[in-house]
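Have the sequence at hand as you read.

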Amino acid sequence: MELILHPDEAGASYHSHPWHRKIADFSLPKREIHTLRNARVTKSEFIGAESGMGGIYDHNGERMAIGQHLRRDRDFTLDNPDTLCPVQSSAVTTLPGRYLYLGWYFNHYGHFLLESLARCWALTEPAA
């Protein structure tokens, strides 16, 4: 897809701005489906505008990189612990069945549409 600007003279000014160059060079990440057995998902919790807690951990309690949320070239979830402390089974809710993790839940309509619901493409995949 090509961006066309009118009038033509606006192009040089637009492309000289670093944010616009970044937008022009952007490409979507590779589509991947990861299947984890007995994974743990911790609740999303906003710490500040640029950081939050919550993510995906494997069955050993090790943080999974696939649970990261990148925002403005920074890991929004950087402050999450690398491992979960062992917890008593009564403190953990186990849900039977299969689930699709749609990423961070943002309570802003635009973020929800573009950063959560946009991941529903995985439901159309035969391997899902």
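This is a predicted model: local features need pLDDT of at least 70, side-chain atom pairs count only at pLDDT 80 or more; totals for chains, interfaces and linings use all residues.

**Charged pairs**

How many salt bridges does a search of the whole structure find? The search turns up two. As background, side chains of opposite charge can pair when their charged atoms come close.

Arg31 is exposed, at 52% relative accessibility, and Glu125 is partly exposed, at 27%.

The other salt bridge joins Arg63 and Asp82, with 4.0 Å between the closest N and O atoms. Arg63 belongs to the loop between β4 and β5 (70-71) and Asp82 to the loop between β6 and α3, so this pair ties together parts that are 19 residues apart in sequence. Arg63 counts as partly exposed, with a relative accessible area of 24%, whereas Asp82 is exposed at 55%.

| Residue | Relative accessible area | Class |
|---|---|---|
| Arg31 | 52% | exposed |
| Glu125 | 27% | partly exposed |
| Arg63 | 24% | partly exposed |
| Asp82 | 55% | exposed |

Now turn to Asp75, which is found in strand β6 (residues 74-75). Which side chain of opposite charge is nearest to Asp75? That is Arg63, 4.1 Å away. A salt bridge needs a nitrogen within 4 Å of a carboxyl oxygen, and Asp75, although buried, has no salt bridge. The side chain of Asp75 does have a polar contact of 3.0 Å with the side chain of Gln68.

Gly55 lies in the loop between β3 (51-53) and β4 (56-57). Is Gly55 buried or exposed? At 4% relative accessibility, Gly55 is buried, because buried means under 20%. From Gly55 to Asp82 there are 27 residues in sequence and 10 Å in space, C-alpha to C-alpha.

One of its members, Leu117, lies in the segment after α3 (109-116). Leu117 is partly exposed, with a relative accessible area of 35%.

**Cysteines**

How many disulfides does a search of the whole structure find? The answer is zero. For reference, a disulfide is a covalent bond between the sulfur atoms of two cysteines. If you are interested in cysteine accessibility, Cys85 is exposed, with a relative accessible area of 61%. Cys120 counts as partly exposed, at 26% relative accessibility.

**A backbone angle to look at**

Finally, have a look at Asn38, placed in the loop between α2 and β1. Asn38 has a positive phi of about 55° although it is not a glycine. With 66% relative accessibility, Asn38 counts as exposed.

Notes
Residues are numbered from 1 along each chain as its sequence is written. Side-chain values use heavy atoms; hydrogens and water are left out. A disulfide is a pair of cysteine sulfur atoms within 2.5 Å. Buried means under 20% relative accessible area, exposed over 50%, partly exposed in between (1.4 Å probe, protein chains only). Helices (H or I, at least four residues) and strands (E, at least two) are DSSP runs, numbered from the N terminus. Lys and Arg count as positive and Asp and Glu as negative; His and the chain ends are not counted. A polar contact is a pair of N or O atoms within 3.5 Å; within protein, one must be able to donate a hydrogen and the other to accept it, and residues adjacent in sequence count only if both atoms are side-chain atoms.
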